[in-house]
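Please brief me on this structure. Keep it short, and group the points by topic.

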Amino acid sequence: MMYGLCFLLFTIGLLCAVLKKNMVKIVIGIMIMEYAVNLFLIMLGFRFGGTAPIIDRSSLNLEGGLTQQFISASVDPLPQALVLTSIVIGLGTLALLVSICVRTYEKYGTFDITKIRRLQG
Amino acid sequence: MTVPLPVFVAIPLTAAFILPLFGDRYRGFATFFANVAALVLLALAITTIGQSYSYQVGRWSIPLGINMVLDGLSSLLLITIAVVSASAMLFSARYMEQYSAKSKYLSLFMLMTAGMNGVVLSGDIFNLFVFLEIASIASYALVGFGCEHEQLEASFKYAVLGSIASLFILFAIGLVYGNTGTLNMAYISQAIQTRGINNGLSFALAMFIAGFGLKAALVPFHAWLPDAHPAAPAPISAMLSGVLIKALGVYAIARLLFNVFGISEMISWVLIALGVLSMVVGVFLAVGQWDFKRLLAYHSISQMGYIVLGIGLGALILARGGSVVWASIAILGGLFHLVNHAVFKSLLFLTSGSIEMSTGTRQLKQLGGLSGVMPLTRANCAVASAAIAGVPPFNGFWSKLILVIAAVGTGFYTLAAVTVIVSLVTLISFLKVHRYIFLGELPDNLRQCRENKGTMFVAMAALAVLCLAMGLLVLVPSLKAGVLDPAVQVLIDGFAYSAKLLAGSN
Amino acid sequence: MKGMTIIVKTVGSWVKVLIFLFGIYIVLFGHLTPGGGFAGGVILACSYVLLLLAFGREFTEKNLSLGTASKIDCAGALLFIAIALAGFLYGSASFFYNFIQQQFLAGKDTALKLVSAGIIPLENIAIGLKVGASLFLVVLLLSVFRPEVSNNNKESKL
C-alpha cells in the first residue's frame with residue numbers, strides 16, 4: 001500500500017511536469033517525481049522495528065565482526081547508498097534546469113513556455 | 001595485453017577535470033590535450049577486440065562489489081564511441097573557435113564520453129544508471145552551449161524529457177531491487193531464471209522500455225530530438241545522433257532484454273512495432289523539412305527504427321524457438337546498422353557544420369550552388385548521403401540488405417517491403433538536399449564563402465573513408481568473425497552472460 | 001547584490017565560522033557517523049552562501065573568488081581520481097583498491113577510531129572540497145542577473 005502511495009506521488013509529479021505552462025512549475029514537477037522515487041527506494045529497505053545501520057561498540061563482537069542481533073535488527077543500508085547518489089544526481093539536474101530558466105528569463109522576459117516557442121515543425 | 005577496464009572511464013574523467021584549468025588563454029594547448037586523450041581512447045578500444053573478461057573494482061568480488069564487464073557487444077560499442085568522438089573532437093578544434101569558453105566545452109565533451117564508456121562497460125544496473133546520468137546531464141548542457149534563443153528552448157525541452165526518462169529508469173531499478181534483492185546484472189538474471197517474472201518485474205520491464213526508449217528517441221517518445229539535435233553545435237550533434245542515443249538507448253534495451261530479463265514474444269512484438277513506427281514516421285516527417293539539420297535529426301529517428309527492428313526481429317525468432325541462424329542474421333543486421341549509422345550520420349552532421357560555418361545558414365532555401373565553392377564538403381556529403389540511402393558499395397547498403405534478407409527469409413514480407421520503401425524515401429530526401437545545397441544557382445551573398453580545409457577536412461575524410469571501407473566488415477569472413485560475430489553471439493546466448501560471470505567468479 | 005543590516009552582518013560572520021567547522025567535522029568523521037563527503041560539502045558551501053546573503057556579492061567574491069573556487073573544484077576531483085589510480089601500484093586489478101587499509105593497517109585494532117578505514121576519509125575530503133566549491137559556484141553564478149530583454153519586447157508589441 002505504501003508503495004502504491006509512492007507511485008501516486010510520482011504520477012502527481014508527472015502530471016505537474018506535463019500539464020503546467022510555467023517553466024519553474026515544470027521544474028518543481030520534476031523535483032516532486034524525484035522525491036517520490038527516492039522515497040520509494042528508501043522504503044524498499046525498511047524493516048518494522050528496525051534500527052539505523054550505524055555500527056558502534058555494542059554491535060561489534062569480540063573478533064571484530066558484527067553481532068547477530070545487529071544484523072537482524074538493522075534496516076537495509078544498500079538503498080540508502082542508492083538514495084544518496086540519486087539525491088546528488090537530482091541536485092545536478094536541478095542546477096542545470098534552473099540555470100536554463102534564468103537564462104531564458106533574461107532573454108525572453110517571461111517563464112511561459114507557450115510564448116517562447118520559436119521552433120516549429 | 002588486457003587493459004584494466006576502469007581506464008576507459010578514468011582517462012576521460014581526468015581529462016575533463018584538467019581541461020577547465022587551462023582557461024581561455026591556453027585553449028590551443030587544451031584542444032591538443034583533449035585530442036590526444038580521444039586518440040588514446042581509440043587506441044585502447046581497438047585493443048579490446050575479441051576479448052571478454054570482467055574486472056572487480058577495488059578487489060571486492062561480486063555480489064558485494066561492482067564489476068565492469070567487457071564482452072563482444074561492449075567492445076563493438078566502445079570502438080564506435082571512440083571513433084566518433086575522436087573525429088568530432090578533431091572537427092571541433094576549429095569549429096568551436098566561434099564560441100567562447102572552449103575549454104569548458106572540451107571538458108563537457110570528455111564527461112559525456114566518460115559517461116558513455118561507463119554505460120557500455122558496466123556490469124551493475126545502478127552503475128549503468130549513474131553513468132547514464134553523467135552522459136545525459138553533460139549532453140543537456142552541451143545542447144544549449146551557445147545560449148541563443150532556440151538553443152535554450154531546445155535544451156530545456158531535452159532536459160525535461162530526459163530527466164523524466166531517467167526517473168522512470170530509477171523507479172524501475174528500485175522495483176528490480178525489491179523483487180530480486182541484488183543489483184548485479186548477472187545475479188538478477190540468475191534470480192529471474194530460477195523464480196520467473198512476476199508482476200513487479202514486468203511492470204519494471206515496461207518502465208525500462210519507456211525510459212530507455214525515450215533516450216533512444218523511438219517514436220512515441222521522440223519529441224525532444226528534432227529540437228535538440230539541430231540546436232547543438234555540429235560536433236555535438238554528431239556525437240548525440242551518432243553514439244549517445246545508441247549507447248544509452250539501444251545498448252541498454254538489448255542488454256536488459258536479452259541477457260537479464262530474457263526475451264518473450266510480446267516484448268519482441270513491442271520492439272518490432274516501435275521500430276516500424278519510428279522508421280515510417282521519421283522518414284515521412286523528414287522529407288518535408290527545409291532546415292538541413294532538422295532533416296538529419298528526423299532521419300536519425302528513422303534509422304534508429306531500422307536498428308530496433310533488426311534486434312526485435314531476432315528476439316521474436318528466438319522467442320518462437322525458430323532457427324538460431326536466422327536470428328543471428330537479423331541481429332547482425334541491426335548491430336551492423338548501428339555501427340554504420342554512427343559513422344555516416346556523424347559525417348552528415350559534420351558536413352552540415354562545415355556548411356554552416358562557411359555560409360552562416362542551414363536553411364535549404366537560402367543555400368545553393370555550393371558545389372563550385374566547397375568541393376571537398378560536397379564530396380564528403382555525397383559519400384554520406386549515398387551511405388544512408390543504401391547505395392552499393394557503401395556501408396549502409398550492406399546492413400539494409402542483411403535486414404531485408406532476414407525479414408524475407410523468416411516470412412515477414414511486409415516488414416521487408418516497409419524497409420525498402422523507407423529506404424527509397426530516404427534516397428528521395430537526400431536527393432532533395434543535394435539539389436538545394438550543391439546544385440543550382442549560387443546566391444550573391446554566398447559568393448565569398450571559403451572551403452574548410454585543415455583539421456575539419458581530415459576529420460570528415462576519415463569518416464568518409466570508413467563509410468567506403470566498412471562494407472568489408474561483412475564481406476571478409478575473418479573480419480566479420482573477429483568484430484561483429486562476438487557481439488551477435490552475446491545477444492543470442494542470452495542467459496549465458498550470467499552463467500559465464502558467475503562461474504568465472506567462483 | 002547588496003548585503004543586509006548591521007545586525008545580520010555581525011551575527012552572520014560569527015555563525016559562518018561555526019557552520020564551516022561543523023562541515024569539516026561531518027566530512028572528517030564520514031566513515032564513523034552518517035555524513036561523509038557530499039553532506040559535509042553541502043554544509044561547507046552553505047557557510048559561504050550565508051556570507052553571500054549577509055554581505056552581498058562583492059565582499060564574497062573578494063573572500064573566495066570565482067577562479068579560486070573553480071580551481072578547488074578541479075583539484076578535489078583530481079585528488080579523488082589520483083587516490084583511486086594509486087591502487088594500480090599494487091597490481092593491475094586494483095583500481096580503487098583500499099590499499100592503505102589492506103597493506104598498512106590490516107591486523108591492527110582500528111575499529112571506530114578516527115584514523116581507520118584506509119582511503120575512505122581521504123576520498124571524503126576530496127569529495128567535500130569538490131561539492132563545496134561546486135555548490136558555492138552554482139549559487140554565486142545564479143545570482144547574477146543580466147536582463148537584456150525589456151526593450152525588444154516592447155518594440156515588437158507596438
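This is a predicted model: local features need pLDDT of at least 70, side-chain atom pairs count only at pLDDT 80 or more; totals for chains, interfaces and linings use all residues.

Chain C has seven helices and zero strands.

**Chain C: its elements**
- Chain C reads α-α-α-α-α-α-α from the N terminus on.
- Of its 158 residues, 33% count as buried.

**Chain C: its overall shape**
- The radius of gyration of chain C is 21 Å, whereas a compact globule of 158 residues would have one near 15 Å.
- Along the principal axes, the C-alpha atoms of chain C fill a box of roughly 80 × 40 × 25 Å.
- Take the contacts in chain C with a separation of 6 or more: 69% of them join residues 24 or more positions apart.

**Helix H1 of chain A: its length**
- H1(A) covers residues 2-19, which makes 18 residues.
- From first C-alpha to last, H1(A) reaches 26 Å, close to the 26 Å expected at 1.5 Å a residue.

- Which residues of H1(A) are buried? They are Cys6(A), Phe10(A), Gly13(A) and Ala17(A).
- An α-helix has 3.6 residues a turn, so residues three or four places apart point the same way.
- The other side of H1(A) has the exposed residues Gly4(A), Leu8(A), Thr11(A), Val18(A) and Leu19(A).

**Helix H1 of chain A: its partners**
- The buried residues of H1(A) pack against helix H2 (23-44) of chain A.
- They also pack against helix H6 (149-180) of chain B.

Methods
Residues are numbered from 1 along each chain as its sequence is written. Chains are lettered from A and ligands numbered from 1 in the order in which they are written. Helices (H or I, at least four residues) and strands (E, at least two) are DSSP runs, numbered from the N terminus. The radius of gyration is taken over C-alpha atoms; the globule rule is 2.2 Å times the number of residues to the power 0.38. A residue is buried if 20 or more other C-beta atoms lie within 10 Å of its own, exposed if 12 or fewer, and partly exposed in between; C-beta atoms are placed from the backbone. Two residues are in contact if their C-beta atoms, placed from the backbone, lie within 7 Å. The expected span of a helix is 1.5 Å times one less than its number of residues.
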